[in-house]
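I opened this notebook to keep track of what I looked up, entry by entry. The entries go from a single loop residue to the overall fold, and then to the contacts between charged side chains.

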Amino acid sequence: QVQLVESGGGLVQPGGSLRLSCAASRWIFNIYTMGWYRQAPGKQREFVAAITTDGNTAYADFVKGRFTISRDNAKNTVYLQVNSLKPEDTAVYYCSVKPELYASLAQVKYWGQGTQVTVSS
């Protein structure tokens, strides 16, 4: 049983910020790349950001410097700092386990339960 425990979502106004967290088991955290995806109701799940065990990162183009992915090895936790939020950022954000930085959606090995981010005035 792989545990990916997500937290940090919520309701924010446009321009606001959140820090999403995903805690994983040490064995999975130290072997695989961790990623964030998001999905709005009725929409395709899409890639947001990923980080390797070595700290190399990849971001979707729509992020444009607003989001930052990081990891805390001592806590076995990956973070997604989301700034300057827009209404179109509203979605469920999912933590994921991937074999490599640029692995496709179909190659994701495990998913968290998701945390809701709602951006509204």
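**Entry 1: two residues with positive phi.** I began with S84, which is found in the loop between β8 and β9, where helices (H or I, at least four residues) and strands (E, at least two) are DSSP runs numbered from the N terminus. S84 has a positive phi of about 50° although it is not a glycine. I noted this because most residues other than glycine have a negative phi. With a relative accessibility of 40%, S84 counts as partly exposed; here buried means under 20% relative accessible area, exposed means over 50%, and partly exposed lies in between, with a 1.4 Å probe and protein chains only. I then looked up N76, which lies in the loop between β7 and β8 and has a phi near 50°, again a positive value in a residue other than glycine. N76 is buried, its relative accessible area being 10%.

**Entry 2: what kind of model this is.** I wrote down that this is a predicted model, in which local features need pLDDT of at least 70 and side-chain atom pairs count only at pLDDT 80 or more, while totals for chains, interfaces and linings use all residues. Residues are numbered from 1 along each chain as its sequence is written, and side-chain values use heavy atoms, with hydrogens and water left out.

**Entry 3: the fold as a whole.** How many helices and strands does the protein chain have? I found 1 helix and 11 strands, and along the sequence they follow the pattern β-β-β-α-β-β-β-β-β-β-β-β. The radius of gyration of the protein chain is 13 Å, close to the 14 Å that the globule rule gives for 121 residues, so the chain is as compact as a globular protein of that length; this radius is taken over C-alpha atoms, and the rule is 2.2 Å times the number of residues to the power 0.38. Along its principal axes the C-alpha trace spans about 40 × 30 × 25 Å, and of the 121 residues 45% count as buried.

**Entry 4: an open sheet.** I followed an open sheet of 4 strands, which has the order β1-β3-β8-β7 with antiparallel pairing; two strands pair if DSSP finds at least two bridges between them. At its edges stand β1 (4-7) and β7, each with a single partner strand, so one side of each is left without a neighbour in the sheet. Between β7 and β8, which run antiparallel, I noted 6 bridges, and F67 stands opposite V82 in β8.

**Entry 5: the salt bridges.** I looked up the salt bridges, of which the structure holds 3, each being a side-chain nitrogen of Lys or Arg within 4 Å of a carboxyl oxygen of Asp or Glu. R38 forms a salt bridge with E46, the closest N and O atoms being 2.8 Å apart. R38 is buried, with a relative accessible area of 7%, whereas E46 counts as partly exposed at 32% relative accessibility. D89 also forms a salt bridge with R38, the closest N and O atoms being 2.8 Å apart. D89 lies in the loop between β8 (77-82) and β9 (91-98) and R38 in strand β4 (residues 33-39), so the pair ties together parts that are 51 residues apart in sequence.

What does the side chain of D89 meet in a salt bridge at 2.7 Å, N to O? The partner is R66. R66 lies in the loop between β6 (57-59) and β7 (67-72), so this pair ties together parts that are 23 residues apart in sequence. Both D89 and R66 are buried.
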